[in-house]
Amino acid sequence: MLNFSPEEANPILTQIPIIDFLLLLLLNLGIGAIGFFPSFLVTGLNISSFGIALGTVLSLSGEIFGAIAGFYLYRYGFRKMDPGWLKHRFWTRIQKSSSNQVFWTVILLRLIPFVPSGLVTAGASLTPISAPLFMAASTIGKIPAVFIEVAIMYGVIHTIPVRYQCSLAALTLVVLLLIWNKNRSKVQM
């Protein structure tokens with residue numbers, strides 16, 4: 001049985017737990033809305049800061065409410081973009097999908113751990129699915145995925161020394177920045 005006392009939790013952002021919680025909630029919401037940054041890094045931070053129970057609640061809240069915020073942002077952003085790329089056969093097929101098909105597809109894609117959340121959210125925002133139906137599908141799919149992520153990160157936190165965890169997090173960020181920079185350079189050419 002897992003028990004965490006407040007002494008075992010490790011607030012690393014500030015010495016005031018409520019501020020830690022609010023800052024991590026905002027970070028989780030932002031990462032959930034963007035959906036392309038690996039959430040497992042923040043999940044580890046949530047667990048190490050607030051223990052497994054509250055850390056799980058924080059991760060789950062960020063994933064669910066971040067996804068719905070991302071859904072609205074993507075839907076708004078796609079309306080403002082040049083619709084020429086939406087004429088491609090792949091996108092027209094997605095747009096013609098029924099809400100029921102999209103609902104089940106979102107659930108299935110959310111269950112797969114390494115499918116980028118932002119890709120699922122962006123794709124769903126191009127379909128006729130309503131925001132409440134998207135939120136329900138996203139929540140159903142995210143619950144098991146977040147629990148698996150929490151279990152993995154809990155194991156990592158308690159078996160791998162902190163210096164290696166920090167090195168892995170830094171390496172992940174550097175690789176993501178390099179990929180982003182490379183893609184940005186291609187677009188500018």
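1. Helix 6 covers residues 131–159, 29 residues in total. From its first C-alpha to its last it reaches 40 Å, close to the 42 Å expected at 1.5 Å a residue. That expected span is 1.5 Å times one less than the number of residues. Helices here are DSSP runs (H or I, at least four residues), strands are runs of E (at least two), and both are numbered from the N terminus.

2. A word on the source. This is a predicted model, in which local features need pLDDT of at least 70, side-chain atom pairs count only at pLDDT 80 or more, and totals for chains, interfaces and linings use all residues. Residues are numbered from 1 along each chain as its sequence is written, and side-chain values use heavy atoms, with hydrogens and water left out.

3. Now the overall layout. The protein has seven helices and zero strands. From the N terminus, the order reads α-α-α-α-α-α-α. Of the 189 residues, 37% count as buried. Buried means under 20% relative accessible area, exposed means over 50%, and partly exposed is in between (1.4 Å probe, protein chains only). Among contacts with a separation of 6 or more, 79% join residues 24 or more positions apart. A contact means heavy atoms within 4.5 Å.

4. Back to helix 6. Where does helix 6 bend? The bend is at Lys-142 and comes to about 30°. A proline, Pro-144, follows within four residues. The bend at a residue is the angle between two axes, one fitted to the seven residues ending there and one to the seven starting there. Lys-142 is also one of the buried residues of helix 6. Others include Phe-134, Ala-137, Ser-138, Gly-141, Ala-145, Glu-149 and Met-153. An α-helix has 3.6 residues a turn, so residues three or four places apart point the same way.

5. Helix 2 is another matter. It has 41 residues, but its end C-alpha atoms are only 31 Å apart. A straight helix would reach 60 Å at 1.5 Å a residue. Helix 2 has a kink of about 130°, centred on Gly-51.

6. Ser-39 lies in the loop between helix 1 (17–34) and helix 2 (40–80). Is Ser-39 buried or exposed? Ser-39 counts as buried because its relative accessibility is 17%. Leaving aside neighbours within four places in sequence, Ser-39 is in contact with Ile-31, Glu-63 and Glu-149. Glu-149 is among the buried residues of helix 6.

7. Ser-39 also lines the largest cavity, together with Asn-28, Ile-31, Gly-32, Val-42, Ser-59, Gly-62 and Glu-63. Helix 1 and helix 2 are the elements that give two or more residues to this lining. Helix 2 gives the most, with four residues. The cavity has a volume of about 40 Å³, and the structure holds one cavity of 30 Å³ or more. Ala, Val, Leu, Ile, Met, Phe, Trp, Tyr, Cys and Pro count as nonpolar, Asp, Glu, Lys and Arg as charged, and the others, Gly among them, as polar.

8. How are such spaces found? On a 1 Å grid over the protein atoms alone, a cavity is a set of points where a 1.4 Å probe fits but cannot get out. A pocket is an open set with protein on both sides within 12 Å along at least five of seven lines. Lining residues have an atom within 4 Å of a point. Grid points are joined across faces, edges and corners, and a volume is the space filled by probe spheres set on the points.

9. The second largest pocket holds about 430 Å³ of space. Of its 20 lining residues, the closest to its centre are Phe-90, Ile-94, Leu-109, Gly-123 and Ala-124. Helix 3 (89–95), helix 4 (99–111) and helix 5 (117–125) each give two or more residues to the lining. The lining has 14 nonpolar, five polar and one charged residues.

10. Phe-103 lies in helix 4. It counts as buried because its relative accessibility is 12%. Not counting residues up to four places away in sequence, Phe-103 touches Ile-129, Leu-133, Ala-136, Ala-137 and Ile-140. Phe-103 and Ala-136 are 33 residues apart in sequence and 8.3 Å apart in space, C-alpha to C-alpha.

11. Ile-140 lies in helix 6. At 45% relative accessibility, Ile-140 counts as partly exposed.
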